[in-house]
Amino acid sequence: MGKGSFISPEQRSGIRARVEPIALAMSRAGLTPNMLTLIGFGIAALGGVLAAVELWVLAGIVATVGAGFDMFDGAVARATGQVSKLGAFMDSTFDRWGEGIVYLGIVIGATRAGFDLGAWLATAALVSAFMVSYTRAKSESLGFSSGTGMAAIGFAPREVRTVILGIAVVMAGIFGVTPELFDSGSLVLAIGLGLIVVLATVTVIQRIRFVTSQPPNPDSDRHTDT
(Lines give C-alpha, C1' and ligand atoms only; values in the text may rest on other atoms or scores of the structure.)
Protein backbone atom coordinates (compact mmCIF):
# COMPACT_ATOMS: atom_id res chain seq x y z
CA MET A 1 0.00 0.00 0.00
CA GLY A 2 1.28 3.47 -0.89
CA LYS A 3 2.09 5.77 2.02
CA GLY A 4 -0.45 4.21 4.41
CA SER A 5 -3.28 4.08 1.91
CA PHE A 6 -5.82 1.27 1.78
CA ILE A 7 -5.70 1.54 -2.03
CA SER A 8 -2.35 1.02 -3.73
CA PRO A 9 -1.34 2.62 -7.06
CA GLU A 10 -1.45 -0.88 -8.59
CA GLN A 11 -5.04 -1.35 -7.45
CA ARG A 12 -5.98 2.02 -8.88
CA SER A 13 -4.43 1.04 -12.21
CA GLY A 14 -6.33 -2.25 -12.18
CA ILE A 15 -9.62 -0.49 -11.55
CA ARG A 16 -8.93 1.94 -14.38
CA ALA A 17 -8.20 -0.93 -16.75
CA ARG A 18 -11.54 -2.57 -15.91
CA VAL A 19 -13.43 0.70 -16.30
CA GLU A 20 -11.93 1.60 -19.69
CA PRO A 21 -14.24 -0.64 -21.84
CA ILE A 22 -17.29 0.91 -20.14
CA ALA A 23 -15.82 4.37 -20.70
CA LEU A 24 -15.34 3.66 -24.40
CA ALA A 25 -18.95 2.50 -24.67
CA MET A 26 -20.12 5.70 -22.99
CA SER A 27 -18.03 7.74 -25.39
CA ARG A 28 -19.53 5.95 -28.39
CA ALA A 29 -22.97 6.75 -26.96
CA GLY A 30 -22.09 10.44 -27.21
CA LEU A 31 -21.32 11.13 -23.56
CA THR A 32 -18.46 13.56 -22.95
CA PRO A 33 -16.35 13.69 -19.77
CA ASN A 34 -18.02 16.92 -18.62
CA MET A 35 -21.47 15.43 -19.23
CA LEU A 36 -20.55 12.47 -17.02
CA THR A 37 -19.22 14.84 -14.36
CA LEU A 38 -22.57 16.66 -14.28
CA ILE A 39 -24.55 13.40 -14.32
CA GLY A 40 -22.53 12.10 -11.38
CA PHE A 41 -23.11 15.36 -9.51
CA GLY A 42 -26.85 15.16 -10.15
CA ILE A 43 -27.03 11.58 -8.90
CA ALA A 44 -25.02 12.43 -5.77
CA ALA A 45 -27.24 15.43 -5.10
CA LEU A 46 -30.30 13.19 -5.42
CA GLY A 47 -28.72 10.88 -2.84
CA GLY A 48 -28.42 13.84 -0.49
CA VAL A 49 -32.08 14.74 -0.98
CA LEU A 50 -33.12 11.14 -0.30
CA ALA A 51 -31.10 11.15 2.93
CA ALA A 52 -32.72 14.42 3.95
CA VAL A 53 -36.21 12.88 3.67
CA GLU A 54 -34.99 9.75 5.51
CA LEU A 55 -35.12 7.34 2.58
CA TRP A 56 -31.86 5.93 3.86
CA VAL A 57 -31.50 2.76 1.81
CA LEU A 58 -32.13 4.55 -1.48
CA ALA A 59 -29.91 7.42 -0.34
CA GLY A 60 -26.96 5.10 0.30
CA ILE A 61 -27.32 3.32 -3.02
CA VAL A 62 -27.86 6.46 -5.11
CA ALA A 63 -25.05 8.43 -3.44
CA THR A 64 -22.63 5.55 -4.01
CA VAL A 65 -23.62 5.31 -7.67
CA GLY A 66 -23.14 9.07 -8.05
CA ALA A 67 -19.67 8.87 -6.54
CA GLY A 68 -18.88 5.98 -8.87
CA PHE A 69 -19.24 8.29 -11.86
CA ASP A 70 -15.97 9.85 -10.72
CA MET A 71 -14.29 6.87 -12.41
CA PHE A 72 -16.08 7.28 -15.71
CA ASP A 73 -15.51 10.94 -16.57
CA GLY A 74 -11.75 10.62 -16.17
CA ALA A 75 -11.70 7.28 -17.98
CA VAL A 76 -13.61 8.72 -20.95
CA ALA A 77 -11.26 11.73 -21.03
CA ARG A 78 -8.19 9.48 -21.11
CA ALA A 79 -9.67 7.04 -23.63
CA THR A 80 -10.70 9.79 -26.06
CA GLY A 81 -7.78 12.17 -25.57
CA GLN A 82 -9.97 14.84 -23.99
CA VAL A 83 -7.87 15.30 -20.85
CA SER A 84 -7.68 19.00 -19.99
CA LYS A 85 -7.15 21.36 -17.06
CA LEU A 86 -10.75 22.55 -17.42
CA GLY A 87 -12.00 18.98 -17.19
CA ALA A 88 -9.89 18.35 -14.09
CA PHE A 89 -11.28 21.52 -12.53
CA MET A 90 -14.87 20.54 -13.32
CA ASP A 91 -14.32 17.01 -12.03
CA SER A 92 -12.82 18.07 -8.69
CA THR A 93 -15.29 20.90 -8.14
CA PHE A 94 -18.44 18.89 -8.76
CA ASP A 95 -17.11 15.86 -6.86
CA ARG A 96 -16.61 17.99 -3.75
CA TRP A 97 -19.96 19.72 -4.24
CA GLY A 98 -21.82 16.43 -4.60
CA GLU A 99 -20.07 14.92 -1.58
CA GLY A 100 -20.99 17.98 0.48
CA ILE A 101 -24.66 17.71 -0.49
CA VAL A 102 -24.73 14.05 0.57
CA TYR A 103 -23.37 14.88 4.02
CA LEU A 104 -25.77 17.81 4.31
CA GLY A 105 -28.63 15.46 3.47
CA ILE A 106 -27.51 13.11 6.24
CA VAL A 107 -27.37 16.01 8.69
CA ILE A 108 -30.94 16.98 7.80
CA GLY A 109 -32.21 13.39 7.84
CA ALA A 110 -30.60 12.60 11.19
CA THR A 111 -32.02 15.81 12.65
CA ARG A 112 -35.51 14.93 11.38
CA ALA A 113 -35.15 11.50 12.97
CA GLY A 114 -34.17 13.10 16.27
CA PHE A 115 -30.71 11.54 16.12
CA ASP A 116 -28.66 14.61 17.00
CA LEU A 117 -25.41 12.69 17.44
CA GLY A 118 -25.73 11.48 13.84
CA ALA A 119 -26.11 15.07 12.64
CA TRP A 120 -23.03 16.15 14.61
CA LEU A 121 -20.96 13.24 13.30
CA ALA A 122 -22.08 13.91 9.72
CA THR A 123 -20.97 17.54 10.08
CA ALA A 124 -17.60 16.44 11.47
CA ALA A 125 -17.24 13.89 8.66
CA LEU A 126 -17.98 16.61 6.09
CA VAL A 127 -15.28 18.88 7.51
CA SER A 128 -12.74 16.04 7.73
CA ALA A 129 -13.49 14.83 4.19
CA PHE A 130 -13.09 18.31 2.74
CA MET A 131 -9.77 18.73 4.55
CA VAL A 132 -8.53 15.54 2.86
CA SER A 133 -9.29 17.07 -0.52
CA TYR A 134 -7.95 20.49 0.44
CA THR A 135 -4.56 19.20 1.58
CA ARG A 136 -4.11 17.43 -1.74
CA ALA A 137 -5.22 20.41 -3.83
CA LYS A 138 -3.11 22.89 -1.89
CA SER A 139 0.00 20.72 -1.88
CA GLU A 140 -0.26 20.17 -5.63
CA SER A 141 -0.87 23.87 -6.34
CA LEU A 142 2.30 24.75 -4.39
CA GLY A 143 4.36 22.09 -6.14
CA PHE A 144 4.81 19.67 -3.23
CA SER A 145 3.19 16.79 -5.12
CA SER A 146 2.04 16.15 -8.64
CA GLY A 147 -0.21 13.90 -10.67
CA THR A 148 -1.93 11.25 -8.57
CA GLY A 149 0.91 11.01 -6.04
CA MET A 150 -0.98 12.57 -3.15
CA ALA A 151 -4.01 10.38 -3.82
CA ALA A 152 -1.98 7.37 -2.65
CA ILE A 153 -1.23 8.98 0.71
CA GLY A 154 -3.59 8.43 3.62
CA PHE A 155 -6.13 5.90 4.83
CA ALA A 156 -9.29 7.62 3.59
CA PRO A 157 -9.26 8.90 0.00
CA ARG A 158 -12.69 9.45 -1.53
CA GLU A 159 -13.11 5.82 -2.63
CA VAL A 160 -12.74 4.55 0.93
CA ARG A 161 -15.05 7.22 2.36
CA THR A 162 -17.66 6.42 -0.27
CA VAL A 163 -17.70 2.70 0.53
CA ILE A 164 -17.90 3.27 4.29
CA LEU A 165 -20.64 5.88 3.96
CA GLY A 166 -22.69 3.85 1.47
CA ILE A 167 -22.67 0.74 3.66
CA ALA A 168 -23.46 2.72 6.82
CA VAL A 169 -26.38 4.62 5.29
CA VAL A 170 -27.92 1.53 3.66
CA MET A 171 -27.62 -0.51 6.87
CA ALA A 172 -29.04 2.40 8.87
CA GLY A 173 -32.04 2.42 6.56
CA ILE A 174 -32.55 -1.33 6.90
CA PHE A 175 -32.56 -1.19 10.71
CA GLY A 176 -34.10 2.27 11.08
CA VAL A 177 -32.67 5.53 12.39
CA THR A 178 -34.15 6.63 15.74
CA PRO A 179 -33.17 9.11 18.47
CA GLU A 180 -31.60 6.25 20.46
CA LEU A 181 -27.90 5.65 19.84
CA PHE A 182 -28.01 1.96 20.69
CA ASP A 183 -30.85 1.17 18.29
CA SER A 184 -29.25 -0.81 15.48
CA GLY A 185 -29.72 1.66 12.62
CA SER A 186 -28.58 4.67 14.59
CA LEU A 187 -25.58 2.80 15.95
CA VAL A 188 -24.48 1.65 12.48
CA LEU A 189 -24.80 5.19 11.11
CA ALA A 190 -22.84 6.61 14.04
CA ILE A 191 -20.08 4.03 13.66
CA GLY A 192 -19.78 4.64 9.91
CA LEU A 193 -19.66 8.42 10.27
CA GLY A 194 -17.30 8.20 13.22
CA LEU A 195 -14.98 5.94 11.24
CA ILE A 196 -14.90 8.46 8.41
CA VAL A 197 -14.07 11.26 10.88
CA VAL A 198 -11.19 9.29 12.38
CA LEU A 199 -9.74 7.95 9.12
CA ALA A 200 -10.11 11.26 7.29
CA THR A 201 -8.46 13.15 10.15
CA VAL A 202 -5.56 10.68 10.15
CA THR A 203 -5.31 11.10 6.37
CA VAL A 204 -5.04 14.88 6.72
CA ILE A 205 -2.23 14.41 9.25
CA GLN A 206 -0.49 11.92 6.95
CA ARG A 207 -0.63 14.40 4.07
CA ILE A 208 0.60 17.27 6.22
CA ARG A 209 3.53 15.11 7.34
CA PHE A 210 4.26 14.23 3.70
CA VAL A 211 4.35 17.89 2.71
CA THR A 212 6.43 19.02 5.69
CA SER A 213 8.97 16.31 4.90
CA GLN A 214 9.60 17.77 1.44
CA PRO A 215 12.49 20.15 0.71
CA PRO A 216 11.55 23.85 1.08
CA ASN A 217 9.93 25.30 -2.03
CA PRO A 218 11.31 28.84 -2.51
CA ASP A 219 8.80 29.61 -5.28
CA SER A 220 5.73 29.11 -3.08
CA ASP A 221 3.96 32.04 -1.46
CA ARG A 222 3.50 31.25 2.22
CA HIS A 223 0.57 33.66 2.54
CA THR A 224 -1.38 32.57 -0.53
CA ASP A 225 -4.75 30.98 0.20
CA THR A 226 -7.90 30.04 -1.68
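Reader: What makes up the lining of the largest pocket, by residue type?

Author: In this predicted model, the lining divides into 16 nonpolar, 16 polar and 15 charged residues. Asp and Arg count as charged, and among the residues closest to the pocket's centre are Asp70, Asp91, Asp95 and Arg136. Ser92 is also one of those closest to the centre.

Reader: How much space lies in that pocket, and which helix gives the largest share of its lining?

Author: About 1,600 Å³ of space lies there. The largest share of the lining comes from α3, with 10 residues. Other elements that give two or more residues include α1, α2 and α4, and α5 and α6 belong to that list too.

Reader: Why is Thr37 called buried?

Author: Buried means under 20% relative accessible area. Thr37 has 4% relative accessibility, so Thr37 counts as buried. Thr37 sits in helix α2.

Reader: Which residues is Thr37 in contact with, leaving aside its neighbours within four places in sequence?

Author: They are Asp73, Met90, Asp91 and Phe94.

Reader: How do you know that the length of helix α4 agrees with what it should span?

Author: Let's check the value. Helix α4 covers residues 85–112, which is 28 residues. At 1.5 Å a residue, α4 should span 40 Å, and its end C-alpha atoms are 41 Å apart, so the two agree.

Reader: What comes after α4, and what is its phi?

Author: Gly114 follows α4, and the phi of Gly114 is positive, near 80 degrees.

Conventions: Residues are numbered from 1 along each chain as its sequence is written. This is a predicted model: local features need pLDDT of at least 70, side-chain atom pairs count only at pLDDT 80 or more; totals for chains, interfaces and linings use all residues. Side-chain values use heavy atoms; hydrogens and water are left out. Helices (H or I, at least four residues) and strands (E, at least two) are DSSP runs, numbered from the N terminus. The expected span of a helix is 1.5 Å times one less than its number of residues. On a 1 Å grid over the protein atoms alone, a cavity is a set of points where a 1.4 Å probe fits but cannot get out, and a pocket is an open set with protein on both sides within 12 Å along at least five of seven lines; lining residues have an atom within 4 Å of a point. Grid points are joined across faces, edges and corners, and a volume is the space filled by probe spheres set on the points. Buried means under 20% relative accessible area, exposed over 50%, partly exposed in between (1.4 Å probe, protein chains only). Contact means heavy atoms within 4.5 Å.
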